[in-house]
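I set out to record how the parts of this model meet one another. The entries follow the order in which I looked things up.

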Protein chains: 2
Amino acid sequence: MKKVKKETQLDKTPKYTVKEVAQIMKISAHTVRYYDNEGLIPFVSRTQSNVRMFSEYDLSWIRTVHCLRATNLSINDIKKYIDLCLKGNKTIQQRAKIIFNQEKNLKEHLKQLQEQMKVLQIKKKYYTNLLKNKSKDVWNPYK
Amino acid sequence: MKKVKKETQLDKTPKYTVKEVAQIMKISAHTVRYYDNEGLIPFVSRTQSNVRMFSEYDLSWIRTVHCLRATNLSINDIKKYIDLCLKGNKTIQQRAKIIFNQEKNLKEHLKQLQEQMKVLQIKKKYYTNLLKNKSKDVWNPYK
DNA sequence: TCTTGACATTAGAGCGGCTCGAAGGTGTAA
DNA sequence: TTACACCTTCGAGCCGCTCTAATGTCAAGA
């Protein structure tokens, strides 16, 4: 028996205000509006009095934007990715390339941060010793 | 027999131009000058014709700045740290606090990046499958 | 000696990604 | 009906570079 993965259907009914989205995503309401203005969140609906209302579907776009931003993809490149998504199947290769590349970048970035962590921990050890021994510090490369 | 750690003496003789420092530290020459102008590299000497010349001692300051910057401490806070260093022993506690705090921040940041890495890898898997099966993509939260 | 070229200097503009504030609109609750 | 809590847009401000323009220095080659 073949298993068929059920397509995840995302609710498109408007539910959340900008402030609520901000709380859910842990970013500022200003930033949410900024992303919307930059076209990174397609199809955001508005009430009759022009207030943005976000659905679960919108949230899933924001999650994508947030992930790409957190891993340091520029707003411009995120915009390109989103636009490719909207163009459908014929852009799968291009989108895949962006994601693969982004994973590579993040890997490199993580490696560098981990190196800096080592440096920081040497400094930490230096100060811990200094405090413990109540000794004077001298110039050394670990300061 | 008591072991006494020998104090590391850093050479203060001018050796490197801004460009050479940039190459060594893998940052732009512009940035090196910017750090100098902001007072993050104390005591940088100049030739008679006003050209910056950096010693090993200067390099060690730059390494500190670079580490703190790479772990996202603001220029302003780095300046404060450097100034505390220059004030000597009475500031050990304050400096230690900055370093300990910075290590905590970096730890948190690393944690978040690793979470985003997971998200990226889900996306990667999604596209890898799509490409392998030459199937069509549907809207799903992993896009 | 003069020119060329590779470097350096400064001041200041530009940019990305927010971040904030002002000025105004809307909708509910006292 | 007034207060308030939210929303809107627009534009300025900020940080940390990043780049450009205008100018200076200096060594090598014609």
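**Entry 1: DNA strand D**

How far does a polar side-chain atom of B:S49 lie from a phosphate oxygen of DNA strand D? I found a distance of 3.1 Å. I note at the outset that the model is predicted.

A polar side-chain atom of B:Y35 lies 3.0 Å from a phosphate oxygen of DNA strand D. For A:R33, I read 2.5 Å between an N or O atom of the side chain and a phosphate oxygen of DNA strand D. Two elements give two or more residues to the surface near DNA strand D, namely α1 (18-25) of chain A and α2 (29-37) of chain B. The largest share, 4 residues, comes from α2(B).

Of the atoms of DNA strand D within 4 Å of the protein, 82% belong to sugar or phosphate, and the rest belong to bases.

**Entry 2: DNA strand C**

Sugar and phosphate make up 83% of the atoms of DNA strand C that come within 4 Å of the protein.

For the side chain of A:S49, the corresponding distance is 3.3 Å.

The surface near DNA strand C receives at least two residues each from α2 (29-37) of chain A and α1 (18-25) of chain B. The element that gives the most is α2(A), with 4 residues. The classes are 5 nonpolar, 6 polar and 5 charged residues.

**Entry 3: Chain B against chain A**

I turned to the contact between the protein chains. It takes 48 residues from chain B and 48 residues from chain A. The buried area is about 4500 Å², and carbon and sulfur atoms give 71% of that area. On the side of chain B, B:L120, B:Y127 and B:W139 lose the most area to chain A, together 16% of what that side buries.

I counted 2 salt bridges between the two chains. The side chains of B:E103 and A:K124 meet in a salt bridge, with 3.1 Å from N to O. I also noted 10 residue pairs in polar contact between chain B and chain A.

Which elements of chain B give two or more residues to the side that touches chain A? They are α3 (56-70), α4 (75-86) and α5 (92-133). The largest share, 25 residues, comes from α5(B). I sorted the residues of this side into 24 nonpolar, 15 polar and 9 charged.

**Entry 4: Symmetry**

Finally, I compared the two copies. A rotation of 180° with 0.0 Å of shift along its axis superposes chain B on chain A, with an RMSD of 0.1 Å. That is the relation of a two-fold axis. Of the residues of chain B, B:L110 comes closest to the rotation axis, its C-alpha lying at 3.6 Å. I noted that 100% of the interface residues of chain B are also interface residues in chain A, so the copies meet through the same surface.

Definitions and conventions
Residues are numbered from 1 along each chain as its sequence is written. Chains are lettered from A and ligands numbered from 1 in the order in which they are written. This is a predicted model: local features need pLDDT of at least 70, side-chain atom pairs count only at pLDDT 80 or more; totals for chains, interfaces and linings use all residues. Side-chain values use heavy atoms; hydrogens and water are left out. Contact means heavy atoms within 4.5 Å. Buried area is the accessible area (1.4 Å probe) that two parts lose on being put together, summed over both. A salt bridge is a side-chain nitrogen of Lys or Arg within 4 Å of a carboxyl oxygen of Asp or Glu. A polar contact is a pair of N or O atoms within 3.5 Å; within protein, one must be able to donate a hydrogen and the other to accept it, and residues adjacent in sequence count only if both atoms are side-chain atoms. Ala, Val, Leu, Ile, Met, Phe, Trp, Tyr, Cys and Pro count as nonpolar, Asp, Glu, Lys and Arg as charged, and the others, Gly among them, as polar. Copies are superposed by least squares on the C-alpha atoms of residues with pLDDT of at least 70 in both. A residue is near a molecule or strand if one of its heavy atoms lies within 4 Å of it.
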